[in-house]
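Take a look at the structure below before you read on. Keep it open, and find each residue as it comes up.

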Amino acid sequence: GRLTFDADVPPMDVPAGPAQFHFSGAVIDGSYAGGHLVSAARVDSFEFSSPTGAFVLRNLQAKTDNRIRSRYVAPGEAELSIERIAATDPTLGSEPLFAVDRLKIRSDEAVDAAGTLLDMTATYGVDRLRLADNEISDAALGLKLHKLDAAALERYADATRELAVTPTRDAQDVLTALAPHMKRALEAGPSLVLEPIDFKLQGEPFAGRVEITTNPAQLPAGDSFDMNPMILLAVLNGNADFHMSKALARRLATVAATMQFSRDPSVPPDQWKYLAEAQSGLLLVTLVSQGMLVEDGDSYSVAVRYAGGALTVNGKLLPFGLQ
């Protein structure tokens with residue numbers, strides 16, 4: 001048969017002493033038939049305010065159109081968007097301590113004709129994210145998984161759940177039981193791509209791409225396979241390319257140096273920033289001279305390659321590969 005459903009959650013305004021809770025209500029509707037779930041939900045606003053802080057969420061919308069195959073595998077589409085999320089602390093000023101504007105998430109999942117391998121894509125986008133004094137804008141992240149073994153994914157998810165609900169369970173026994181499923185999954189030649197990886201930090205751009213592929217020919221012959229990380233690394237190949245403005249690289253180097261000085265009790269806290277700023281320039285010059293960064297006008301780039309147990313950065317072989 002077919003199930004059609006809809007629900008209206010009424011609005012609420014609840015005072016609680018000096019605090020105030022406001023909920024616009026929610027609308028949910030959809031249908032379910034033969035494992036096919038279609039649904040939509042909307043919340044216009046959710047607000048909580050008190051003398052110690054406030055939280056606001058506006059215009060949340062979600063949609064799903066999936067065929068439920070199991071708890072973990074559901075080919076189809078899903079979308080989530082939120083116009084704004086913000087949290088403020090009056091003791092720190094009027095600007096939000098945390099804020100997100102126009103968050104969008106979309107996922108697509110498809111299964112092959114045999115019903116064994118999955119292709120999954122997901123995209124994440126944020127127009128603006130503010131955390132304390134840091135602002136990220138124009139952020140986009142794409143995730144693509146190709147030839148993912150559906151049965152292995154289900155077994156892995158079940159095993160993870162077993163360990164969570166039964167802490168006394170021997171983790172090694174679980175890994176041993178997962179080994180044949182992992183080998184079957186690797187034999188399919190799965191791959192993962194992160195593209196794009198784009199954002200601006202304080203207005204300075206960063207762009208990147210990461211690709212991880214598998215080489216089933218490197219798997220051990222026969223049934224001999226375990227979850228040894230060295231075996232897994234021998235099967236994997238990877239490419240990563242990153243580009244960033246010099247101003248952003250300098251900022252990130254300053255943050256890294258500040259963290260380093262913060263762990264040194266001999267350095268006074270009021271000197272961390274000045275020492276870090278002085279050291280960041282030297283650090284970048286050193287990385288360029290070593291070939292770890294490539295200068296290109298007002299930006300730096302990095303190209304990382306991993307194949308056959310060898311790791312290179314900008315064409316330079318690093319000494320700690322697996323060859």
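Here is a short tour of some strands, helices, ring pairs and charged pairs. Bear in mind that this is a predicted model.

Let's start with strand 5 (residues 36-50) and strand 6 (residues 53-67), which run antiparallel and are joined by 14 bridges. They make a hairpin, with two residues between them.

**Charged pairs**

Side chains of opposite charge can pair when their charged atoms come close. How many salt bridges does the structure hold? The count is 16.

| Salt bridge | N to O distance |
|---|---|
| Arg 42 and Asp 44 | 3.2 Å |
| Arg 58 and Glu 47 | 3.1 Å |
| Glu 195 and Arg 209 | 3.0 Å |

Take Arg 58 and Glu 47, joined by a salt bridge. This pair links distant parts of the chain, as Arg 58 sits in strand 6 and Glu 47 in strand 5, 11 residues apart. Arg 58 has a relative accessible area of 35%, so it is partly exposed, and Glu 47 is also partly exposed, at 26%.

Glu 195 and Arg 209 meet in a salt bridge too. Because Glu 195 lies in strand 11 and Arg 209 in strand 12, their pair ties together parts that are 14 residues apart in sequence. Glu 195 counts as partly exposed at 34% relative accessibility, and Arg 209 does at 25%.

What about Arg 42 and Asp 44? Arg 42 is partly exposed at 37% relative accessibility, and Asp 44 is partly exposed with 42%. Elsewhere, salt bridges link Glu 77, Glu 79, Arg 106 and Asp 108 into a network.

**Ring pairs**

There are five aromatic pairs. Phe 46 and Phe 55 are one of them: their ring planes sit at 70° and their centres are 6.1 Å apart, so this pair is edge-to-face. Phe 199 and Phe 206, on the other hand, are stacked, with 4.9 Å from centre to centre and 15° between the planes. Is Phe 206 buried or exposed? With a relative accessible area of 15%, Phe 206 is buried, while Phe 199, at 24%, is partly exposed. Ring pairs also link Phe 21, Phe 23, Phe 46 and Phe 55 into a cluster.

**Two helices**

Helix 1 (residues 150-165) has 16 residues and reaches 23 Å from its first C-alpha to its last, close to the expected 22 Å. At its start, a side-chain oxygen of Asp 149 comes within 3.2 Å of the backbone nitrogen of Ala 151. Buried residues in helix 1 include Ala 150, Glu 154 and Ala 157. Among the elements covering the buried residues of helix 1 are strand 9, strand 10 and helix 2.

Now jump to helix 4 (residues 246-262). Its 17 residues should span 24 Å, and the end C-alpha atoms are 24 Å apart, which agrees. Which residues of helix 4 are buried? They are Leu 248, Ala 249, Ala 253, Thr 254, Ala 257 and Phe 261. These buried residues pack against strands 11, 12, 13 and 15, and against helix 5.

Notes: Residues numbered from 1 in each chain as written. Predicted model: local features only at pLDDT ≥ 70, side-chain atom pairs only at ≥ 80, totals over all residues. Heavy atoms only, no water. Helix = DSSP H or I, 4+ residues; strand = E, 2+ residues; numbered from the N terminus. Expected span 1.5 Å × (residues − 1). Buried < 20%, exposed > 50% of the residue type's maximum accessible area, 1.4 Å probe, protein only. Contact = heavy atoms within 4.5 Å. Polar contact = N/O pair within 3.5 Å; in protein donor to acceptor, adjacent residues only side chain to side chain. Pairing = 2+ DSSP bridges. Phe/Tyr/Trp six-rings, centres within 6.5 Å; stacked < 30°, edge-to-face > 60°. Salt bridge = Lys/Arg side-chain N within 4 Å of Asp/Glu carboxyl O.
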